[in-house]
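Subject: Structure handover and findings

Hello,

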Amino acid sequence: MRRFLLLYATQRGQAKAIAEVIYEKAVEHGFAADLHCISESDKYDLKTETAPLVIVVSTTGTGEPPDTARKFVKDIQDKTLPVDVFAHLWYGLLGLGDSEYTYFCNGGKIIDKRLQELGAQRFYNTGHADDCVGLEQVVEPWIDGLWAALTKHFMFSRGKEMNGALKTASHAALTREPVQPGLLHIESQVELLRLDDSGRKDSQVWEQNAVNRGQSSALSAEPSLARSIAPLSQASLNIPAPPPEYLQVDLQESRSQEENQASVTSADPVFQVPISKAVQLTTNDAVKTTLLVELDISKTDFSYQPGDAFNVICPNSESEVQNLLQRLHLVDRGKHCVLLEVRADTKKKGAALPQHIPEGCSLQFILTWCLEIRAVPKKAFVRALADYTGDGTEKRRLQELCSRQGAADYNRFVRDACASVSDLLCAFPSCQPPLSLLLEHLPKLQPRPYSCASSALFHPGKLHFVFNIVEFLSTAEVLQRGVCTGWLATLVASVLQPNMHASHADGRKALAPEISISPRTTNSFHLPNDPTVPIIMVGPGTGIAPFIGFLQHREKLREQSPGGHFGETWLFFGCRHKDRDYLFREELRHFHKRGILTHLKVSFSRDAPVGEEEAPAKYVQDSIEHHSTQVTRVLLHENGCIYMCGDAKNMAKDVNDALVRIISKEVGVDRLEAMKTLATLKEEKRYLQDIWS
């Protein structure tokens with residue numbers, strides 16, 4: 001059988017799930033895939049690999065490869081490697097990303113570019129799947145086209161072996177131009193920064209949304225999660241094969257082992273620390289409620305520096321877990337111990353027990369601490385649910401949602417609406433899945449990352465972080481809170497202090513609740529080693545968090561070196577209202593007054609100008625453009641650094657575009673050259689981002 005090596009680099013399981021689909025389909029097409037996580041370097045060797053290579057790579061953070069690929073990337077970036085070390089290697093790469101982030105699919109692009117530099121050649125054009133509009137729009141056609149590309153590769157290889165002089169017309173027929181996936185546009189450029197017009201992808205998103213809107217408004221009857229309209233309701237459907245089931249689940253009434261947060265699997269060390277202080281930074285009439293939480297890390301080995309981030313290990317909502325148990329008719333068995341085995345009759349290749357489900361724990365603990373019960377169900381999960389749905393109309397609708405014909409409805413009512421398995425079970429009452437199905441398809445409950453908002457020099461033995469309490473309407477029009485922020489808000493309620501100067505707030509004497517935290521992989525979002533280097537900080541809203549740590553650190557360094565020289569510091573901060581959500585106002589004024597912060601530029605997006613004064617900058621990007629000459633001087637003439645922290649969806653793109661316009665105007669170059677300049681700053685670690693969606 002024709003063999004190929006299949007590697008995946010995953011952060012949250014997406015790339016692994018897609019690689020497993022490729023693995024399963026390979027047999028149907030006459031291929032055998034050796035499937036490995038890219039971190040399992042003891043199980044493959046690209047330097048001697050003779051089979052074609054297929055890689056599925058996700059992107060994490062601000063355009064970095066996932067944690068599982070860090071060692072692989074470090075190894076291939078070794079500058080002592082010969083430039084032809086992979087000249088024998090043929091590969092196809094599928095990158096996963098989100099165009100809401102500036103460095104779209106950059107994890108895949110980094111690997112793609114380096115493989116090319118080391119002599120590897122593509123047998124199939126690179127695919128870049130965009131989670132902003134639905135990964136499946138690229139993933140499914142890319143996988144469909146993979147088999148023809150592999151067939152062509154093996155035909156060429158076999159022909160080459162049979163006749164080394166194959167240079168005739170038959171050779172031309174087997175040209176080594178990489179196969180183009182059909183019926184879709186796939187980016188193939190490997191620049192670290194997207195150099196195409198950013199408006200192009202935005203327009204694609206708009207067009208997709210327009211299609212969705214058009215479908216719903218074309219007829220008077222409105223479709224919904226539970227119901228479709230013509231033409232979809234009358235269409236013949238291409239329904240994928242059901243994913244093979246592989247878990248055998250037994251619930252034992254015997255007492256399960258002692259359970260606590262330490263039972264949650266984590267690759268990093270976990271520290272249980274008390275909350276020593278919690279302060280509300282916004283007024284009660286602010287649009288968002290922002291809290292500062294202080295952790296006491298004095299009795300642990302946990303250490304950090306300003307700019308670092310850390311993980312908070314959080315549970316699902318107790319009420320949501322109970323509702324799910326009730327829907328599964330398992331309320332009376334929530335305390336039962338869950339025993340898992342791989343089914344002897346499973347057709348799933350390489351089936352294994354989920355590593356994120358600990359042995360010997362109760363069902364309630366697993367649903368609370370181990371599984372992302374709010375995760376958006378993948379199409380494979382929807383397809384599996386259809387087989388456990390008794391009502392014909394409901395079953396047809398679930399089949400539509402996982403079919404090719406129903407892709408737009410899936411995007412609109414499941415993916416974009418952030419529907420959960422509970423939402424689907426509520427919308428389709430006759431769906432009665434076994435517990436095993438949920439344990440097979442629900443991903444690991446991920447810890448939530450937060451930026452450190454303090455300096456250990458300024459607050460010895462303490463760690464501060466800041467967050468907004470996330471609130472939104474579910475698909476059932478019920479107000480919900482974010483998994484972690486809602487839990488934290490409830491947890492700190494007994495020690496919460498009202499809005500005040502955060503530095504003057506004192507820890508209350510109430511019993512301090514504890515949470516579990518773990519360090520995140522080290523990053524580059526740190527102050528320059530040389531304190532004379534000027535820095536620009538851009539952090540609207542809670543994006544200011546790491547910069548409070550920067551400024552606290554700088555204040556202590558200046559106290560330690562009273563005669564030392566320190567570069568100028570700029571902070572561009574923004575919020576809605578000066579009197580409601582101006583976070584750390586007193587602290588910033590203190591830093592500015594003492595000269596720790598050289599330039600403080602604040603924008604208020606919802607405050608109207610007073611009297612006849614000129615309209616101030618509404619957003620941080622406007623303020624940056626108002627100071628374009630100084631920003632350009634710091635970045636291009638004084639070798640300064642710029643740091644950006646905050647929302648990826650709007651702010652990060654808008655600031656990035658503003659920087660492109662500034663460089664273009666001040667230097668007198670076109671947009672493309674300005675973007676290349678920014679890309680160079682990023683490569684030099686002088687343009688650093690800590691952004692989230």
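To begin with charged groups: R396, R397, E400 and D409 are linked in a network of salt bridges, a salt bridge being a side-chain nitrogen of Lys or Arg within 4 Å of a carboxyl oxygen of Asp or Glu.

Before the rest, the conventions. This is a predicted model, in which local features need pLDDT of at least 70 and side-chain atom pairs count only at pLDDT 80 or more, while totals for chains, interfaces and linings use all residues. Residues are numbered from 1 along each chain as its sequence is written, and side-chain values use heavy atoms, with hydrogens and water left out.

Overall picture

The protein chain has 20 helices and 22 strands; these are DSSP runs numbered from the N terminus, helices being H or I with at least four residues and strands E with at least two. Of its 693 residues, 52% count as buried. Buried means under 20% relative accessible area, exposed means over 50%, and partly exposed lies in between, with a 1.4 Å probe and protein chains only. Among contacts between residues at least 6 apart in sequence, 79% join residues at least 24 apart, where contact means heavy atoms within 4.5 Å.

Salt bridges

Side chains of opposite charge can pair when their charged atoms come close. A search of the whole structure finds 35 salt bridges.

- D296 and K462 form a salt bridge, with the closest N and O atoms 3.8 Å apart. D296 is in strand β9 (residues 290-296) and K462 in strand β13 (residues 462-468), so the pair links parts of the chain 166 residues apart. K462 is partly exposed, with a relative accessible area of 23%.
- R594 and E559 form a salt bridge, with the closest N and O atoms 3.7 Å apart. R594 belongs to helix α16 (residues 585-594) and E559 to helix α15 (residues 545-560), and the two are 35 residues apart. R594 counts as partly exposed at 42% relative accessibility, and E559 is partly exposed at 43%.
- R661 and E625 meet through their side chains in a salt bridge of 2.6 Å, N to O. R661 lies in helix α19 (residues 648-667) and E625 in helix α17 (residues 620-626), 36 residues apart. R661 counts as partly exposed at 41% relative accessibility, as does E625 at 28%.

Helix packing

Two helix pairs are described. Axes are lines fitted to C-alpha atoms, for helices over the stretch in contact, and angles run from 0 to 180 degrees between N-to-C directions.

The axes of helix α7 (residues 318-327) and helix α8 (residues 363-370) come within 10 Å and cross at roughly 130°. That angle makes α7 oblique to α8, because angles under 35 degrees count as roughly parallel, over 145 as roughly antiparallel, 65 to 115 as roughly perpendicular and the rest as oblique. The crossing of α7 and α8 is right-handed; a crossing is right-handed if the near helix is turned clockwise from the far one by less than a right angle, and left-handed if anticlockwise. V321, Q322, L324 and L325 of α7 make the contact with L363, Q364, L367 and T368 of α8. These residues divide into five nonpolar, three polar and no charged. Here Ala, Val, Leu, Ile, Met, Phe, Trp, Tyr, Cys and Pro count as nonpolar, Asp, Glu, Lys and Arg as charged, and the others, Gly among them, as polar.

Helices α19 and α20 pack at an angle of about 115°, with their axes 8 Å apart. Their crossing is right-handed. The contact is made by N656, D657, L659, V660, I663 and S664 of α19 and by R671, A674, M675, T677 and L678 of α20. The residues of this contact divide into six nonpolar, three polar and two charged.

Backbone points to check

A cis peptide bond joins A230 and P231, with omega about 10°. P231 is in the loop between α6 (198-217) and β7 (247-252).

Which residues other than glycine have a positive phi? C418 is one, with phi near 55°. C418 sits in the loop between α11 (407-415) and α12 (421-427), and counts as exposed at 53% relative accessibility. K685 is another, with phi of about 60°. K685 lies in the loop between α20 (671-683) and β22 (687-692), and counts as partly exposed at 45% relative accessibility.

Regards
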